[in-house]
Amino acid sequence: MSDSHSSILSHQFETLDQQRASAEFGMWLFLVTEVLFFGGLFVSYAVYRYLYPVAFAESSQTLDMWLGCFNTFVLLTSSLTMALAVHAAEAGDKRKLIRFLLFTMFLGTVFLVIKGFEYHHKFEHHLVPGAHFEFEGPEKEHAQIFFFLYFVMTGIHGLHMIIGLGVLSVLILMAYNDRFSKEYFNPIHITGLYWHFVDIVWIFLYPFLYLIGHPK
Amino acid sequence: MKNYLTQDISLKSWLLTKDHKRIALLYLISITFFFAIGGFAALCMRLELLTPGPDLLKAANYNKMFTLHGISMVFFFLIPSIPTVFGNFLIPIMIGARDLAFPRLNLASWYIYTLGALFALTAAILGGVDTGWTFYTPYSSTYSNTHVVLMATGIFVAGFSSIFTGLNFLVTIHKMRAPGMTWFRLPLFVWAHYATSIIMVLGTPVIAITLVLVGLERLFGVGIFDPRLGGDPLLFQHLFWFYSHPAVYIMILPGMGVISEIIPCFSRNRIFGYEFVAYSSIAIAILGFFVWGHHMFITGQSVYAGLVFSLLSFLVAIPSAIKAFTWTATLYKGRIYLRTPMIYALGFIGLFTIGGLTGLILASLATDIHFHDTYFVIAHFHYIMVGATMMAYLGALHFWWPKITGKLYPEFWGRISAVIVFLGFNMTFFPQFILGYLGMPRRYHVYPPEFQVLNIFSTAGATILGVGYLMPFVYLIWSLKYGPDAGNNPWGATGLEWKTVSPPITENFTQIPTVTEEAYDYHQEPMPDLPEEAM
Amino acid sequence: MSHDTAAPHSPLTITFYVKLYIGLLVLLLATVGASYLHLGPFNFAVAFTIAVIKALLVILYFMHVRFTEKLIWLTAGAGFLWLAYFLGLLFNDYLFRW
């Protein structure tokens, strides 16, 4: 069935559904590339955790696991609000859509602020890898590798969050300008996929980085 | 009626185009430029290697030359080449669509490539990199004093161009086929690019993150690849080759797709074993991810891992061999026309076979110990990259030139060039098998005097090869102005692209076609004669 | 035809989403709780398994994969499968070095 909504149907597509299915498949393919992108880091993590279990456990202890737990709670909640935003878009409810997008942005920001505090704490305690790194214990270099992976993995994750916040703000503007409807809300849908994926990365990062060894 | 070239000739319309055909031509210009750079680097290397001593280049600069050669050719020429030029141009038309699924992403891919290219060129101009295109650690991550981060950034950025192209192709092929264009009616060129796109999407992100890690190691000295700090240099190699081995399949699969189009057309026969060719493309894409350790047999990885990788490497040869057999079987009882594309295609089959067989020699653990890091390896991969892929690229350029430009190239010069390329290629690289067997290491600018004769042969061959490459550059451009009009289908070929006008209109089709025929519906009918002016 | 998938209107209601969310929070607490237990090498397996379950719930329900076309299942699966292959083949090296 062909739609004559020429403004929302791009010229290369025949139907709105073809367009929707293409957008969804395209975003999933992008997410697959992200799996492999983060995957390289997880692989490095796996190798070094295998090689230096003690250093990794000791380093992990220095991370605040309850702060990390709270941050995980924040992100999981943001996934809920994002899912509810998509749900609102499906129903064509503009006010709810904007409200839930704003909630998601707020929660994402809270996550980043807390992360910022954590980074600051590391900086103060000379746990940032490089010239000023200090660590008590016989395996200082191995601990440095842990902290390197900690900063790179959470850093790149954080970068993805920041990009997500940027996209969300654009979506809010678009929603405010009535660019979405029950028939067309692909950008919301695929941004939701992206956001959930970033949440999934954190779902793994939290236990892998914060919960090695046992709490003292 | 206006076609895609004449529709709007302003610069802005080209730089902001969303037309996949124009984007293909933008890429053609970019990759030709990098071919020239990579070729120049090769020229410097082969000139240096005319004599056993260090005459032209001192060691550090020779290192920079082979690095520049590898990076330009692999990342900025071969990996994009056939997909971004011919894939972009042809896939929508071949499947009966108006454009790719995401035209703006397609344009963005080209700009991203260009940005990456600028980083890489800047690194080269500022003094280059001397680590080899393989960036092995800890040399690249700690000890090298060259512009590693800048060059790595260029490759990182260009990688995203590759990813987005692959993504675009996958969505297009799945979602935008015309009515009646079932999977098994698709041209094998499309299947080949489908398989290639899978590799691009699954593999490229890994080298991206690997280059990030190298850059961070250089900047902060944290120890991830530094053995003094507990890092494992081999981890880099695992991460690097996890992409870079499948990358070689990115470089060959599209070429195989081209050959699958040329052979049936110039033998006027249906392709033999269509499903075998289609499935073998997917098999190569998948199996290609499981063999990366064969680059690391002597590096200290566990012998057990070496065994597994060796066995899997033998397996991946099987689908490739299947293709060689099906192409050959297609020729049986065919009506062979030895026009330029066919000469390239037949050359491909022979040279690919040699390259593939020597790959098996390298895949066996014991023989690899002797051949690793010698000219045998170089000859092996150049037989595939140049003997096969480059010839497929030139074959594609000639086969689809009439469709892309609406003009016929001079067939006489085409044939001569193809023969010169074939002879020059073999003269360049066959001696290198022998040199490698005799023990000449790769990446050395000096060598024992007893190797000089073979090196001189190789350089002489390279010169001839260079002439062979220059000739199409001249006569193809000449044909743009002076070539006769091609008409819709000068080859009498099957496929939707040959049903459109030459050059096609911007929307490709006035009406989306409905497909009823199987692919390669040839019945040994004669090929149309070329007009007198095109001879 | 390939593009004739009906737009998946997931039978997911707000109530379901909230219940799923609470389930995820319970699993989060389970992850933290498990880290207090001394299970030796199984600690990692437990943490990993719970993480996988959480991820699956997000993928299947928040991301609607449960209700969408097989192609998406295949795509999502391929990504994670490839990572698993990478790890598996890689550890062939690290586990067996002497």
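## Chain C: fold

Along its sequence, chain C reads α-α-α. The chain holds three helices and zero strands. Helices here are DSSP runs of H or I with at least four residues, strands are E runs of at least two, and both are numbered from the N terminus. Of its 98 residues, 30% are buried. Buried residues have 20 or more other C-beta atoms within 10 Å of their own; exposed ones have 12 or fewer, partly exposed ones fall in between, and C-beta atoms are placed from the backbone.

This is a predicted model, in which local features need pLDDT of at least 70 and side-chain atom pairs count only at pLDDT 80 or more, while totals for chains, interfaces and linings use all residues. Residues are numbered from 1 along each chain as its sequence is written, and chains are lettered from A and ligands numbered from 1 in the order in which they are written.

## Chain C against chain A

Here 35 residues of chain C are in contact with 39 residues of chain A. Contact requires C-beta atoms, placed from the backbone, to lie within 7 Å. Helices α1 (14-34), α2 (42-62) and α3 (70-94) of chain C each supply at least two residues of the side that touches chain A. α3(C) gives the most, with 13 residues.

The side of chain C that touches chain A has 26 nonpolar, eight polar and one charged residue. Nonpolar covers Ala, Val, Leu, Ile, Met, Phe, Trp, Tyr, Cys and Pro; charged covers Asp, Glu, Lys and Arg; the others, Gly among them, are polar.

## Chain C against chain B

Chain C puts 13 residues in contact with 15 residues of chain B. On the chain C side, eight are nonpolar, three polar and two charged.

## A helix pair in chain B

Helix α4 (residues 81-95) and helix α7 (residues 148-175) of chain B have axes that come within 11 Å and cross at roughly 15°. α4(B) is therefore roughly parallel to α7(B), a label for angles under 35 degrees. Axes are lines fitted to C-alpha atoms, for helices over the stretch in contact, with angles from 0 to 180 degrees between N-to-C directions. The crossing is left-handed: the near helix is turned anticlockwise from the far one by less than a right angle.

From α4(B), B:P83, B:T84, B:G87, B:I91, B:P92 and B:I95 meet B:T165, B:F169, B:T172 and B:I173 of α7(B). The contact comprises six nonpolar, four polar and no charged residues.

## Helix α2 of chain A

In α2(A) (residues 53-61), A:A55, A:F56, A:E58, A:S59 and A:S60 are buried. The buried residues of α2(A) pack against α1 (16-51), α5 (140-176) and α6 (186-210) of chain A.

Key: Contact = placed C-beta atoms within 7 Å. Parallel < 35°, antiparallel > 145°, perpendicular 65-115°, else oblique.
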